[in-house]
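Welcome! This report takes you through one protein model, a step at a time. Have the picture open while you read.

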Amino acid sequence: MENIGVHNCFGSFFRTLRKEKKITLRQFCKMAAADPGNISKMERSVWPPPQDRAILERYAKTLEIAEGTDEWYQFFDLAAADCGIVPHDLMSDEKVVEMLPAFFRTLRGQKPTEAEMRAVAEKIRRS
Amino acid sequence: MDLAGFKAPFISREKIWQAADEFRAKYWPPGELPVDVEAIAEFELNLEIRPITGLYSSCNVDALLLGNLETIIVDTGYYRDDRMVNRIRFSMAHEIGHLILHPDIYSRIAHSSIDEWVSFFQAIPDDQYTWIEQHAYEFAGRLLVPRDRLKAEFEKARALAEASGFTEWDSSGEMARDYIARGISRVFAVSEQVVSRRLLRENLLPPRR
């Protein structure tokens, strides 16, 4: 497990805490009424954390962070520091190629069509 | 890799079952159901789950393991939909099956461009591709539906049915199997189709006298 103290960006701090508390992405999103796509992007620092204090408090409490603790202050400090994150550019071709899957689970296990494969590559690029 | 000569590796059903049983024993407390593959993926295998909008509608895919072998992407709509939880769980188990059963294939595949990747897959013979997918289906089914628990649940359902006067196991075919599977599937948090298939694959139906 990563050391909580060494994080200097909100996303990785958040993700480490969530995993340390054994809260799956699904469970977190259900408990905090959050969108899983947005939380995933926030954890990867692709998107900035929310700046609304009420939302951040809801997230912090879902992560079982006790108010007034060092973790609590670090959570809000890092969120404030990361508010300037600019959404990433699209992934380069080289990076997409590294991520291309070896197998697809399609209906009835048939091979994907060429169009479906190109659509997958584009989805990866935009993720 | 020689595309014309691409052959799916032969992995026997027994080997796949053994791999699934060993995997479950390693990562999940014995006897606890349902097997939470999302927790295993995130906390034990350190895989990232990345929801992507429109994955199913655009690509006909509800989940897949990326080539970095660190990320499973899932359709956001399915991931959010409580009615699709079991399907997503099965898909993740399926992708983990590839990770466990096919490391040699991953290590042999390398592409320099998206076009090359598309050409590569389109050149794989359909039967070989389907065979590889069948490995992962078998792994996922066995992982989520352990045989001993399936047998125990089936025996309970069978006793209830027979106490009500039902004995036509041999002649009732799919109807009895689907009826039994519907009740049992809730225990494992999988679809009734998965349980129905497991009952056949595990040779539990028709029951032995």
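## Salt bridges overall

Over all chains, the structure holds 31 salt bridges. The term stands for a side-chain nitrogen of Lys or Arg within 4 Å of a carboxyl oxygen of Asp or Glu. One of these pairs is Glu48(B) with Arg44(A), whose closest N and O atoms are 3.1 Å apart. Glu48(B) sits in strand S1 (residues 48–52) of chain B, while Arg44(A) sits in the loop between helix H3 (36–43) and helix H4 (53–62) of chain A, so this pair joins two chains. Helices (H or I, at least four residues) and strands (E, at least two) are DSSP runs, numbered from the N terminus.

Before going on, a word on the ground rules. This is a predicted model, in which local features need pLDDT of at least 70 and side-chain atom pairs count only at pLDDT 80 or more, while totals for chains, interfaces and linings use all residues. Residues are numbered from 1 along each chain as its sequence is written, chains are lettered from A and ligands numbered from 1 in the order in which they are written, and side-chain values use heavy atoms, with hydrogens and water left out.

Is Glu48(B) buried or exposed? With a relative accessibility of 12%, Glu48(B) counts as buried. Here, buried means under 20% relative accessible area, exposed means over 50%, and partly exposed is in between (1.4 Å probe, protein chains only).

Glu48(B) and Arg50(B) are both buried. Elsewhere, salt bridges with shared partners link Asp21(B), Arg24(B), Glu138(B), Arg142(B), Arg147(B), Arg198(B), Arg201(B) and Glu202(B) into one network.

## Where the chains meet

How many residues does each chain bring to the contact? Chain B gives 59 residues and chain A gives 45 residues, with contact meaning heavy atoms within 4.5 Å. The size of an interface is often given as the accessible area lost when the parts come together. Between chain B and chain A the buried area is about 4,700 Å², and carbon and sulfur atoms give 58% of that. Buried area is the accessible area (1.4 Å probe) that two parts lose on being put together, summed over both.

Seven salt bridges are counted between chain B and chain A. In one between Glu42(B) and Arg18(A), the closest N and O atoms are 2.7 Å apart. On the side of chain B that touches chain A, helix H5 (residues 85–101) of chain B provides the largest share, eight residues.

Arg118(A) and Asp115(B) make a salt bridge with their closest N and O atoms 2.8 Å apart. This pair crosses between chains, from helix H7 (residues 114–125) of chain A to helix H7 (residues 114–123) of chain B. Arg118(A) is partly exposed at 34% relative accessibility, and Asp115(B) is partly exposed with a relative accessible area of 47%.

## Chain B

Chain B has twelve helices and three strands. Its C-alpha trace spans about 65 × 35 × 35 Å along its principal axes. Of its 209 residues, 54% count as buried.

## Chain A

What elements does chain A contain? Chain A has seven helices and zero strands. Buried residues make up 50% of its 127 residues. Chain A is divided into domain 1 (4–85) and domain 2 (93–126), with bounds that come from an automatic or database domain assignment. The centres of these two domains, taken over C-alpha atoms, are 30 Å apart.

For a closer look, find Glu43(A) in helix H3 of chain A. Glu43(A) is buried, with a relative accessible area of 9%. Leaving out residues up to four places away in sequence, Glu43(A) touches Gly11(A), Ser12(A), Phe14(A), Arg15(A) and Arg18(A).
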